[in-house]
Amino acid sequence: MNKLSGTMAVGMLLLAACADPARKAAGERAPAAEPVAYDAAPIVAAPTAMAIAPSPIAPPPIVMSAPLAHGLVSVTGSRVRMHSNSFHPGGGLDGMPAAVQGAEKFPDKDANGLTLVAEQPVSTFSADVDTASYALVRRLLSTGAMPPPRAVRIEEMVNYFPYKYASPSSPTQPFGVATEVMPSPWSGHKQLVHIAVRGYDIAAQRRPAANVVLLIDVSGSMGPHDRLPLLKKGFRMFASRLRDEDRVSIVTYASGTKVVLEPTSGKDRHKITEAIDALGSGGGTAGGEGLERAYAMAERNFDPKAVNRVILATDGDFNIGISDPKQLERFIVGKRKTGVYLSIFGVGEGNLNDALIQRLTQSGNGNAAYIDSVLEAQKAMSEELGSTMFPIANDVKFQVEFNPELVAAYRLIGYETRMLGREDFKDDKVDAGDMGAGHSVTAIYEITPAGAAGRLVDPLRYRGAKAAAVKPAAAHSRAELCFVKLRYKLPGESASRLIEHPVLAASARKSIDAVPEEQRFAVAVAAFGQRLRGEKDLSDFSYAEIASLANAARGADPEGYRAQFVKLVRLTDSMDQSGGLGQR
């Protein structure tokens, strides 16, 4: 049964009747995720040195089953209603915070609201290449369960998909930036500004060696087939792609920690796979002690010419040793200065501590993925791990300034856990997200044109002096909607570099159909995420309309990810119409 803090005593009593005695005791609830800046070690030492040749794989199939036993929901507009257990967008089960539903924990951040340009013209946030949220949302919907709104991180859903954005040609300026302005498909008087960034792809033969420590949770709760057994299949695929110059160590933790495999060359991959195959589960969860031992192993065998990384695989529930989220976060923050990167693969459902996983990856030059199937394990732990493992830039930050003469208000869709202060953009001591070889990042703003300002607020009575103060220079006042800036650090460098990109008002597309397929598909995914979170802006934009928008923008889709997404949206629409969505 879950051990919740005194403030959650009432919730404990409600859950006691259905608690699974096989699950390990959950630790204290992770505090809400705070806006985090990332400090990334420069990318000279790109993670993993695996020669990974891309090969098309089919995405996990969508399997519909009976709704889960937490009551059914019906959806009217953007309002989600539970039958038996009330559920509200942005909140949790009645009387229980959204970050704790059952034993699952998610970052407790509200969706970004509308910001008036006259009051705050600048928006700043960190890059994010995580994909965990989409895989988790897909799993829940495929079983007939509505994902908790806090589990839906729109930027991770959008960035889950590969996009054919223009690639830069030189590693010395590793990013290409492109923008599109288009009518909003869900709000007739608004526009969308789509920002696309594509990273330079390092050729396999030029990638440095990898020095990897696999830190694997083998506690009792990791026994089910969708946890340790699934991870073992994924790590076997990981091992099959190692090069001879790579090195792998394995540390496990349960009630204590154990070094299962000392640093072993990739040419001895049979020895690595034998160690993986021998893993079994049982005991408590000394995750903090495991992290300490894994980092000690990585530091002891640190190779300055290689990419040094700890890969943690867990359901995120630490309850022995260092288990306080803030203490764990401080530990990870201290360790990122060593030049050791961190990746986390989350697994399981029912007691997944997604909030803690997010905090640790955002604090430790890291990235996170959620593994829900063998096919997702192949995608995240084999096919795409090469790009994830080899960073091309650290501390990647975005800053967008909006022109008050043309834009009345803006809303950043997603990135709630990645927001930064305006002053953080130029501060090279503030860390931000890392980007790997060939990674792409998409950000979408919804903007209200200045001509529609009257729809939002009444005009100020005393605005003369303030308006004059924020009025842009004449040369730009009618040309630019906004101005995009990107800061990043090259490998081995401590000072950031800057890329600037003006977004011209004249570049706006007349219709959504005139927008390139890549951008239209990203907009469809963003719409789906907002609808799942119950955001009022999408109350009149149906799942069927979202599916239609995505289907028209599928393009070549060699891996089938986009076709799967369309099926997922249509499944959600069918369950919505029949009242068959159950809250997980």
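1. Axes are lines fitted to C-alpha atoms, for helices over the stretch in contact, and angles run from 0 to 180 degrees between N-to-C directions. Helices (H or I, at least four residues) and strands (E, at least two) are DSSP runs, numbered from the N terminus. Please keep in mind that this is a predicted model, where local features need pLDDT of at least 70, side-chain atom pairs count only at pLDDT 80 or more, and totals for chains, interfaces and linings use all residues. Residues are numbered from 1 along each chain as its sequence is written, and side-chain values use heavy atoms, with hydrogens and water left out.

2. On the helix 6 side, G288, L291, E292, Y295 and E299 meet L328, F331, I332 and K335 of helix 7 (contact means heavy atoms within 4.5 Å). By class, five nonpolar, one polar and three charged residues make up this contact. Here Ala, Val, Leu, Ile, Met, Phe, Trp, Tyr, Cys and Pro count as nonpolar, Asp, Glu, Lys and Arg as charged, and the others, Gly among them, as polar.

3. Six strands form an open sheet in the order 12-11-10-13-14-15, with mixed pairing; two strands pair if DSSP finds at least two bridges between them. Strand 12 (257-265) and strand 15 (366-371) stand at the edges, each with a single partner strand, so one side of each is left without a neighbour in the sheet. Neighbouring strands of this sheet are turned by 15° against each other on average, direction ignored. Strand 13 (residues 307-314) and strand 14 (residues 341-347) run parallel and are joined by six bridges, and V310 stands opposite L342 in strand 14.

4. Helix 5 (residues 269-277) touches strand 11 (247-253) and strand 12, and its direction makes about 165° with that of strand 12. Helix 6 touches strand 10, strand 11, strand 12, strand 13 and strand 14, and its direction makes about 25° with that of strand 12.

5. Have a look at strand 6 as well. Five of the five residues of strand 6 (residues 122-126) are buried, so this strand is largely enclosed by the rest of the structure. Buried means under 20% relative accessible area, exposed over 50%, and partly exposed in between (1.4 Å probe, protein chains only). V122, T124 and S126 lie on one side, with S123 and F125 on the other. Strand 6 runs antiparallel to strand 16 (residues 391-402), with five bridges joining them; S126 has K397 as its bridge partner there.

6. Helix 2 (residues 132-142) is mostly covered, with 11 of its 11 residues buried. The residue G144 follows this helix and has a positive phi, near 85°.

7. Finally, two single residues. R206, in the loop between strand 9 (191-199) and strand 10 (210-217), is exposed, with a relative accessible area of 53%. Its side chain makes a polar contact with the side chain of Y200 (3.4 Å). A polar contact is a pair of N or O atoms within 3.5 Å; within protein, one must be able to donate a hydrogen and the other to accept it, and residues adjacent in sequence count only if both atoms are side-chain atoms. T572, found in helix 14 (residues 561-578), is buried, with a relative accessible area of 0%.
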